[in-house]
Amino acid sequence: MELICPIDQRCSHQIAALLRPPSPPIEYFDQLISKRKCQGIKVKQNGDFGKGVFAETDFEEEQLIFKDEMLVGVQHPSNKIDCLVCSYCFKFIGSIEKQIGRKLYLKRLGIGNSSHNGCQSNSSDDEEDDHYVQNHHSSKNGASSSSGSTIPLPMMAVESLMNGELALPYSNKFPLPSVVSCLGGCEEAFYCSKSCAETDWESSHCLLCTGEKSESCSRKALLKFIQHANETNDIFLLAAKAISFTILRYRKLKASHMSEQEKPAPSILGTDLSLLLEAWKPISIGHKRRWWDCIALPDDIDASDEATFRREIQELAFTSLQLLKEAIFDKECELCIFCEHQCNRCIFSLEIYGHIIGMFELNNLDLVVASPVEDYFLYIDDLPYPEKKEAEKITQPYLDALGEDYSNCCQGTAFFPLQSCMNHSCCPNAKAFKREEDRDGQATIIALRPICNGEEVTISYIDEDLSFEERQALLADYGFRCRCPRCLDEEP
């Protein structure tokens, strides 16, 4: 039986307008590149391949090509136990003591685990682990606990560290920004600065905050939505950010437009839809397909059960959407002021929701930020003998209590506008790679080899250990094409 969303039926015209591929948004990307000072690259139309990122200067091997700020991103819920980071830029915050004490305190309470329910990304979990080891010291070669299992500390010792009553030796060499609370008073979002707190509030968080000053329609419904996402797939949290981002942009554009008009005129019919399309533009540029159509079939699902699996994914998305709609949908906006088009409502259609999630499925990149706690313990381990022995009298019990988790980095998923324009190649000339100095959530693209002016900049979407045939099958599942010469030569 087909799942029918009432909004899909009532707002088909508006939905079609939102999902219609935009005319080449080159001017939009030019402005984005200029704003982010990404000199040396340009987004161009690339024939049958759609958009692509091209070098406008020569790059040397290992040279930074560009850094890309995320449009929306989320930290995996389970990772919040390990890492206290800014909810907007994802820098680590607080202090080394607070990071360690908080992690040990929450684990003593039995909160959280090391797994997460994420979405398909540009690298598998194994690749993510390898990526982290390549970027940073392996625990096997650096600081290590005295045993393979953790050794619990007295709660008083943990609390004194978390509350700032105890200072660890040499921790002042690893200063972190102070913790700034959410403007709405929730206990889920924290920031590195007032600027990040205000920007996040204005761009999406005011609708998704569970605090007393939240602008959501129902905090109770919002908590149910968050719980559902945490228990099923945290990609729903990313989709909620995208929808909130669009709604708030729409409201600002509409308020600005109304201030310029003394009264609605017949010539303004359809204005709300045009404003919604403008608000939607940052989302419109991402390649999209419905989530339940493009998600890869898991290995443990038989091909004969594929239809049932995709149906269940669609139903899961519909349940999430209904919870989100109850939480943040403003019923006063169901009918637009200027016309009968129900523009604001169409954002909550299952078709739109499915395409937003599908966009993340097809374009997202792992959000990874290295932990200063790992750097701290490695610093202690590298001290000359007398200083090291004295420091470890204090630090070793905490390292033993953390065990192998001492080096856990911040992990999440995000959508990066410029990075999403990069095409796949089995022989890429660039890679997403965090250097030692890259300590926030931005995507960092590094040259794998010399790149010439005019050459397309490509990355690999898939596991390099897969065979050529396996790569081709996976690319076909997602509707991608490879830019490497071998793949182009073998295309029919």
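Cys217 counts as partly exposed, at 47% relative accessibility; this class lies between buried, under 20% relative accessible area, and exposed, over 50%, with a 1.4 Å probe and protein chains only. The model is predicted, so local features need pLDDT of at least 70 and side-chain atom pairs count only at pLDDT 80 or more, while totals for chains, interfaces and linings use all residues. Residues are numbered from 1 along each chain as its sequence is written, and side-chain values use heavy atoms, with hydrogens and water left out.

| Residue | Relative accessibility | Class |
|---|---|---|
| Cys192 | 14% | buried |
| Ser87 | 18% | buried |
| Cys217 | 47% | partly exposed |

A search of the whole structure finds zero disulfides, a disulfide being a pair of cysteine sulfur atoms within 2.5 Å. Cys192 is in no disulfide, and the nearest cysteine sulfur, that of Cys89, is 3.6 Å away.

Ser87 sits in the loop between strand 4 (72–75) and helix 4. Helices (H or I, at least four residues) and strands (E, at least two) are DSSP runs, numbered from the N terminus. Leaving aside residues up to four places away in sequence, Ser87 touches Glu188, Ala189, Phe190, Tyr191, Asp200 and Lys241, where contact means heavy atoms within 4.5 Å.

In helix 3 (residues 26–35), the buried residues are Ile26, Tyr28, Phe29, Leu32 and Ile33. Seen down the axis of helix 3, these buried residues fall within an arc of 155°, so they line one face of the helix; the arc is that of the directions from the helix axis to the C-beta atoms. The face turned away from the buried side of helix 3 carries the exposed residues Glu27, Ser34 and Lys35. Just after helix 3, Lys37 takes a positive phi of about 55°.

The whole structure holds one cavity of 30 Å³ or more. On a 1 Å grid over the protein atoms alone, a cavity is a set of points where a 1.4 Å probe fits but cannot get out, and lining residues have an atom within 4 Å of a point. The largest cavity has a volume of about 50 Å³, a volume being the space filled by probe spheres set on the points, which are joined across faces, edges and corners. Its lining includes Asp82, Phe92, Lys103, Val373 and Tyr406. Helix 4 (residues 96–108) gives the most to this lining, with three residues. The lining of the largest cavity divides into six nonpolar, three polar and two charged residues; Ala, Val, Leu, Ile, Met, Phe, Trp, Tyr, Cys and Pro count as nonpolar, Asp, Glu, Lys and Arg as charged, and the others, Gly among them, as polar.

Definitions and conventions. On a 1 Å grid over the protein atoms alone, a cavity is a set of points where a 1.4 Å probe fits but cannot get out, and a pocket is an open set with protein on both sides within 12 Å along at least five of seven lines; lining residues have an atom within 4 Å of a point.
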